[in-house]
Each structure stands twice: as C-alpha cells, then as structure tokens.
Protein chains: 2
Amino acid sequence: MLAAGGHSADATPETADLIITNGLVLTMDESRTARDAGVIVIQGDIIAAVGGEELLQQYKSDSLIDADGGIVMPGMINLHNHLPMVAFRGLGETNFNDRLFRVMFPLEKALLSRELIRVAARQAAIESALSGVTTVTDMYYHEDEVARSVTEVGIRGVLGETVIGFPVVDAAEPYGGLAYAERFIAEWKGHRLITPAVAPHAPYTVSPEWLNKSRELAEREGVPVLMHIAEMRNERELIARNVGALPEDQSIIEYLDAIGFLIDNLVAAHVSHVDDDDIALLKQRGVGVAHNPKANSRATSGMSPAWRMLEAGVDVGLGTDGPMSSNQMDIINVMGYAAVVARNEGEPDSRRLPPYDLVYMATMGGARALDMEDRIGSLETGKQADIIIVDSRAANMQPMHDPYAMIAFAAYPGNVRTTIVDGKVIVRDRDVLSVDLEAHAAEWAEVVKAVAEFAVSLE
Amino acid sequence: MLAAGGHSADATPETADLIITNGLVLTMDESRTARDAGVIVIQGDIIAAVGGEELLQQYKSDSLIDADGGIVMPGMINLHNHLPMVAFRGLGETNFNDRLFRVMFPLEKALLSRELIRVAARQAAIESALSGVTTVTDMYYHEDEVARSVTEVGIRGVLGETVIGFPVVDAAEPYGGLAYAERFIAEWKGHRLITPAVAPHAPYTVSPEWLNKSRELAEREGVPVLMHIAEMRNERELIARNVGALPEDQSIIEYLDAIGFLIDNLVAAHVSHVDDDDIALLKQRGVGVAHNPKANSRATSGMSPAWRMLEAGVDVGLGTDGPMSSNQMDIINVMGYAAVVARNEGEPDSRRLPPYDLVYMATMGGARALDMEDRIGSLETGKQADIIIVDSRAANMQPMHDPYAMIAFAAYPGNVRTTIVDGKVIVRDRDVLSVDLEAHAAEWAEVVKAVAEFAVSLE
C-alpha cells in the first residue's frame, strides 16, 4: 500500500484538494475503463487525474476519502423530475382514474406557494443527493425557488420554468411563464451549478406560436428547452381539442418538426408513442430523450421504445418523473424498470439493455441528452468532479462479479455512501453535510401539515 | 407521554419480554387496523398485545424498543427463492440467451457443494433479514445446510428439498431428492423456525409418478409441496419432450389436477401462463401462488395475471425468485414490479393492485399461501412475533400521507431498521445481531473467490 504524499524518486508531489483512494472505479468513458484500487484526484471543482495507486506518488492531499473498495462512479443524472411535488407524494394512490384532475390539480391550486416550492424542492434535493443523483432536471413553477434550494443542497440542476396556456401559480396570464422564464434565465445563467431552462409543458397545452417563442428564447440564451412529448395514449386527441387537429398522416414528432421546434437544445420527456420514423427524426435533430420507465409503466401511460432510440443513436437518459408518478427520487431503481420496459416492449427479448447500457443511460446518456457531456457524465480528467461512492460491502452488493450488474439490478439507493458535486463533498457516510437539517425539518413539517390538512378534503 | 412500567390505579403491570412503543402500526389484520403511537407487547415468541399507549399501564419490560414513529408491520414473506445462488449473482447478465444452460447449470455443476450452499445461504439469509424478510421460502439442494444457516441467522424458513429427474449435487440417481427430502423432513419437522418441505422441480422435469410420490410424502408428513408451475413460455413443449405430450385441450394446471397433484399444501411459483379456468381450479383446490414479478418481467418469461388470481380469491404472495433472476432478496422492491406487471397485463389499467393490496400480498397473502396465516402475516394477539420497524424519518419515506403507499412505492429495503423473528431481535439499527459477521465474511470470501475463478471460463 502506498501512502498518500509518498515521494517518487524525482518529483515533489503536487498538493490536491481531494483524493479518493481504493475505489472500484467505473469511469464510464468511451473505452469503458474500469479499475480496482483506483484513485481519483480532484483540484477545485475539476477531476485532475484518474488512475491507479501510482497517482499517490504524484499527488498528496490533506483531504482523503478511502472508498474501501466501494464502487466509484460518475454521479447519476435524473433527466426528468418535478421536485416540489414531493410534498404530495403518496396521495391519490388508491385510484389512478382521473388522478390528475381529481388529486394533483386541486392540490396544486390550493397549496402551491413560493414557500412550499422552496422547502419541498430542498427536501427532494436532499433525497436526490443521498441516492447518488448529482444532476437533476426539473420542470415546475417558481423555478428560482427551486434553484435556491438545489444550490443550497449543492447538487447540479437543469431547471425549466413552465410555460403553459392557462393561469398558474406563478403566472396570472396564459403563457405568463415565458416572461418568468426570461427573468429566471437572466438571473441564474452562468451559475456554477444551475443551468436555467424554459419548459413549455406539452404539445397539448402550448400552442405552436408559444412553442416557438419558447424555442427562440432558448436559442437566444443558449439554454435547454424541456418538454413532455408523446407521453399520453390520447395525446393526439388532447392536441386536437386544445391546439388544433393534426393531419392524420402527421405524427406528433413530425408536427413539432414541421413548426421548427425540434432542436439540439431540446430534451423531450417520455416519448412513449413514437415509431421508427419519429426516432430517426429525433436522431437527425439531435433531440435528447428523458426515459421514465418506472413512472410510465406504473401509470400504464405507455412502454417507451427507449432501447430502440438508444440503438438508433438518440441520446437517451433516465428520469424518475415527479414524486407522485414514480414515488422515488433515485436513478438506481429506475434502471431495473428500464430493463423490464425495454425487454417487454413489442416482441419480448431479454437481451435488451444489459447492465452496462443501463449504467450508461444513468450517467453519460443523460449528460449527452443535456449537451453537457463535456462537463459531466464520466470520470475523466478535466471534467467536473461529480462523483459518488457506493458501498460494495453491504450484503446486497455481494458478490462483486459484475459491478455494472450490481449497480443496475442489486443496489439500493441507500448503498450510496458519498456524493461529491463540483468537487464538494455534500454527502459523507450517508450524512448530508451541506444543509442545516434541523432547520429544514421544522420547515418541512409545516409544509407536510398543511398538505395533510387539505388532503382530507380530497377523499 | 406514558412511561413504560407506569402503574394504573388498580393493577400491577405484568412484565413482558419486549415492548415496542411509538410505532405507526400497520397490523394487516382483517379490519385493516392501523394506528399512530402504537404499542406491541411480546411474551416469548408470541405477540401478547397490540394497542395504544394504554398498554404501557398494563405491561412493563426491561427491554423496550422506541420505534421513533417508524412503521411497525408484520415481517415480509418471500414466497420463492433459491438462496444459495447468491454466490453466482451478477454472472451472465450481458446475454440472457440460453443463460440457464450456458451459465447457471455449468456453475452449479462445477461449484455446488455442502460448503458453498451453507455459506451462501447464510449470506442470503443475512441480506433477507436486513431487508425485512422474516420468512423465506426456498427450493434448492442440501436443504439441511440451508436450514442450518437460516436458523443461525434466525429467520423463518419454508425449505423444499428438490426432486428432479436427473442426477444433481445431492442425489446421484434421478429423483434421489425424494429420499433426501424424506430424511430432511424427519430431521427438521417441528423446529420452531423451519418448515421442511418437498420441492418437485417443475412439470417438465418430474414425471407424474414422481410428482405424486412427492405429494404423498407431503400429505403423509403434513408439510408443503413447492414447485415451479407454468413459468416458461414453452413449458408445454418441454413437458412433451421430457414427460409426454398433453392433450391439446388440457392446460398444464388441468393436467396437474387430473393426476391429483393440486392440493391445499401446494405452493406454485410463477403461474404466468394460465387462463380463467385454470385460476378457478387453483382457487378450488386451495393452491397458493408465489408471484415473482421482477424476475419474470426482467427475463421476459411472462406477465403473470396474479392480480386476477387475487381477485378470484386465490392466496397469492410475493417472491423474488433466486438471486440470479431478480438480483435482490427483498420484497419491498418486488411490490413496485407487481404493480407494473398487473397494470400492464392484457388491457392496461392503472387501478390494479393499489398499495394496500401490495402490502397484503407481501405479508398476509404469503402467509395464507403457505397455510401459515394462523401464525404469521399480521400483527395480532397470539401470533408469532415476526415484526419489522421501517424508518419513517429517512428522506425517501417523507411525507407519510399514506404509509401503505410509502412501503409499496417509496421505501428502500435499507429503510428497515429492526427485524424481530419469533420474538428475537435479529437486526437492530441495521446491524445483524445473530451471526458472527467476521467469521462469516471470511468463509464468504472463499466462496466468492472460487466462483470468480471458475466464472472466467464462462466468458
């Protein structure tokens, strides 16, 4: 064993801000490099070196983390969420029929406030960090409050302010979200953790005119567009009712392309109801796809052919969807559902989405979908230090014959011991270090109480 | 707050062996009783009382567990597993094609030994206990070694010695498992934790003659019969090839009934390929069903209509299947997959298997399938004290609007803090108390090393 700070024959070791030793490192780089007894050197917010114990001759640090043989891998990317809805998690579960109108909308109408959004987003960001999510993609209201809480916890956020064709909590006029998004983007652009974005809700709630205004804002500012696309079984009917009927031979994807909406900056959530032509178009336009297999299959909204998109070269990542839809905030559990959805889509085939592909979607796939692959998604020199360490000694993580299979199919989110974002340790030994948890718990209790009191009226 | 051991006006409190206080108690009894600030009193291996804080006037104890507002519920029942296969977990995951013959059988042929079975079963029982499983149903070889390890860890086991029509590790002659089962049953019958059983492997590997010999043994001894039934898409072809073709109009279930094999003591695993007539027959004969939705959907072997069996009054519980099939040992994660399989079977309907039904299958459903509902499956006076406590303060367990929904859809297996079996605390604050973990780890490392060395030859 080499001691950190040991000297090689001819050089004084450089001082690093943080060194992780003794890791089973899955880099998720192009060559699928993995190594035992791996070492990662961090300078500031950046990965300075990835290698073996020889690095301990070149670098020393006062700040060492012994991974104890645990899996060291890129932090996971949750490509679709509605963080503040965690305040409502578990409500309306006994009957999904018309749940959106019977449960979700009344809850939001009665209870949404800056305060609830801020506190619930903090709660959700804490849960995300604990489960190894280092970047979360969000679509909701008052995204400046979400941004405040996400940065407080210290994870990375791609946060889209919602644009929708009727009045909502943070916009009295239809489509008022666009002006809100403009202000939000101006305020948060360039933040080291936050990528502000604009989030037109869906093709059936936003007119072509406002879709394109949203796209123009995104292109002008160089930020992402986030949208639900082809999620619902009856989405064509909904579009016909609210926006105007599509020609019979035009798919939803083709419609969006025809109006010029499909751009590289777009991340489309769900994309369950598409054919091979649609997939080719998504690939051609460079659209990223957020696949939410747990939420979609639980709600029976559709089995997305995400595995076929991946084969076609589309950038596909994994998302939970909101906490009322998948009930969990982690990407670890989503991987197993992704395998089940892929393998049972159309003609069943158990060879689809083997473990490496699942871990790829959870990391690099998400990074590519966000066009952030130069900064996050893999452990490579020069990238942001977004790193997690997963306990490999836990009973459920044994034996370690295939670490990718263990992450994809055996791990519990609670096996994540350490979460590092932008070079900062925000979870150590399963404790969140970045937030005053006691103060947060008091605020959270108030939110939960208010929701519980209102929820009685829903039954 | 009342102190334990406080006196009521007119009675001296009785001394109890263990008292759990401050629980969010889900009894899973017929009336679906749930209560905040619940108290459970344990005497020896038996639940002496379930109620509120008034019980603290009637009972005192030196042994108190403060549940801290956590969910207190019956221990979960894993209705189908092959515990020792945990030694092989993660192997052969990149290509499921012909995995049974390419990976599993060679591994078993080369490596199975009393030693591997004993050590791996202990590893699997530890993982089970940590995840809140208090009763595990197993089908494998050398079940006396499995029994030894399961009792050492201190969970309950329904353990079936395999009967199969070719030579295996513990029987040189075809069907030699039946004699082994006879000895095993004689040795372990009446053990406080173990229910020995006989496990004819499947309709396509066991002839009608030996199926009935197995059944006769079970009836004579009053023990369960465990078998894989209607698991495979091509099971009729397999039966035709190995046992003899069934008449075209006779289903597998009808065949088994025609030979007199369907009895109340039978627990059938999988049962994926059945119609309404088959389901009616299973109900009529009192057959229990072990539903393994994660394993079945991952391997694309079929979507069992377990929800329809439940509606028809069949006793259905949940299983993981072996660790090469679902890769996890807990029932918590299986509940989410059960919802997905049910809701997408045939014409999709998101109302199927709401949270209560999932928790029911995980507890009382399993108990009924095993004909053990008088002893386990719910928290009621006079039943065995098989109890778990689930952390409700963990970020992912908040908010607690609906505890059944949180257990079924939000919980991680690692949220289980405490596991009590037969009145004994075997896991406390996530630490296994019953086993010398260091000695076990050394034995386990040897097993893993041997498997890893052989596994290289499989690639």
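This is a predicted model: local features need pLDDT of at least 70, side-chain atom pairs count only at pLDDT 80 or more; totals for chains, interfaces and linings use all residues.
**Entry 1: chain A overall**

I started with chain A and its secondary structure, which comes to 15 helices and 19 strands. Next I checked the overall dimensions. The C-alpha trace spans about 75 × 50 × 45 Å along its principal axes. For 459 residues the rule for a compact globule predicts a radius of gyration near 23 Å, and chain A comes in at 22 Å, so the two agree. I then looked at burial, and 61% of the 459 residues in chain A are buried. Contacts came after that. Among those in chain A with a separation of 6 or more, 73% are between residues 24 or more positions apart.

**Entry 2: the domains of chain A**

For chain A it gives domain 1 as 14-74 + 381-432 and domain 2 as 76-369. Taken over C-alpha atoms, the centres of these two domains of chain A are 29 Å apart. Where they touch, domain 1 of chain A puts in 23 residues and domain 2 of chain A puts in 25 residues.

Which elements give two or more residues to the domain 1 side of this contact in chain A? I found strand 16 (387-390), helix 14 (403-410), strand 17 (416-421) and strand 18 (424-428) of chain A. Helix 14 of chain A has the largest share of that side, with five residues. I also sorted the side of domain 1 of chain A by class: 16 residues are nonpolar, one is polar and six are charged.

**Entry 3: helix 4 of chain A**

I wanted a closer look at one helix, and picked helix 4 (residues 143-153) of chain A. This helix is mostly covered, with eight of its eleven residues buried. I listed the buried ones: E143(A), D144(A), E145(A), V146(A), A147(A), S149(A), V150(A) and V153(A). What covers the buried residues of helix 4 of chain A? The cover includes helix 3 (114-130), strand 9 (133-140), strand 10 (156-163), helix 5 (177-188), strand 11 (194-200) and strand 18 of chain A. Strand 18 of chain A had already turned up in my list for the domain 1 side of the domain contact. Just past the end of helix 4 of chain A sits G154(A), with a positive phi of about 100 degrees.

I looked for cis bonds and noted one in chain A, from Q398(A) to P399(A), with omega near -5 degrees. P399(A) is in the loop between strand 16 and helix 14 of chain A. P399(B) lies in the loop between strand 16 (387-390) and helix 14 of chain B.

M28(A), not a glycine, has phi near 60 degrees. I placed M28(A) in the loop between strand 2 (18-26) and strand 3 (34-43) of chain A. Is M28(A) buried or exposed? M28(A) has 23 other C-beta atoms within 10 Å, so I put it down as buried.

In chain B, Y175(B) is another non-glycine residue with positive phi, near 65 degrees. Y175(B) belongs to the loop between strand 10 (156-163) and helix 5 (177-188) of chain B. I counted Y175(B) as buried because it has 21 C-beta neighbours inside 10 Å.

**Entry 4: a lysine in chain B**

I checked K60(B), which is in strand 5 (residues 59-60) of chain B. Buried takes 20 or more other C-beta atoms within 10 Å. K60(B) has 19, so I wrote it down as partly exposed. I also took one distance: the C-alpha atoms of K60(B) and V25(B), 35 residues apart along the chain, are separated by 19 Å.

**Entry 5: how A and B meet**

I finished with the pair. The contact takes 47 residues from chain B and 47 residues from chain A. On the side of chain B that touches chain A, the elements giving two or more residues are helix 3 (114-130), helix 10 (293-298), helix 12 (332-344), helix 14 (403-410) and helix 15 (437-455) of chain B. By class, that side of chain B has 24 nonpolar, 15 polar and eight charged residues.

Do the copies meet through the same surface or through different ones? Of the interface residues of chain B, 100% are also interface residues in chain A, so the surface is the same.

Conventions:
Residues are numbered from 1 along each chain as its sequence is written. Chains are lettered from A and ligands numbered from 1 in the order in which they are written. Two residues are in contact if their C-beta atoms, placed from the backbone, lie within 7 Å. Helices (H or I, at least four residues) and strands (E, at least two) are DSSP runs, numbered from the N terminus. Ala, Val, Leu, Ile, Met, Phe, Trp, Tyr, Cys and Pro count as nonpolar, Asp, Glu, Lys and Arg as charged, and the others, Gly among them, as polar. The radius of gyration is taken over C-alpha atoms; the globule rule is 2.2 Å times the number of residues to the power 0.38. A residue is buried if 20 or more other C-beta atoms lie within 10 Å of its own, exposed if 12 or fewer, and partly exposed in between; C-beta atoms are placed from the backbone. Domain bounds come from an automatic or database domain assignment.
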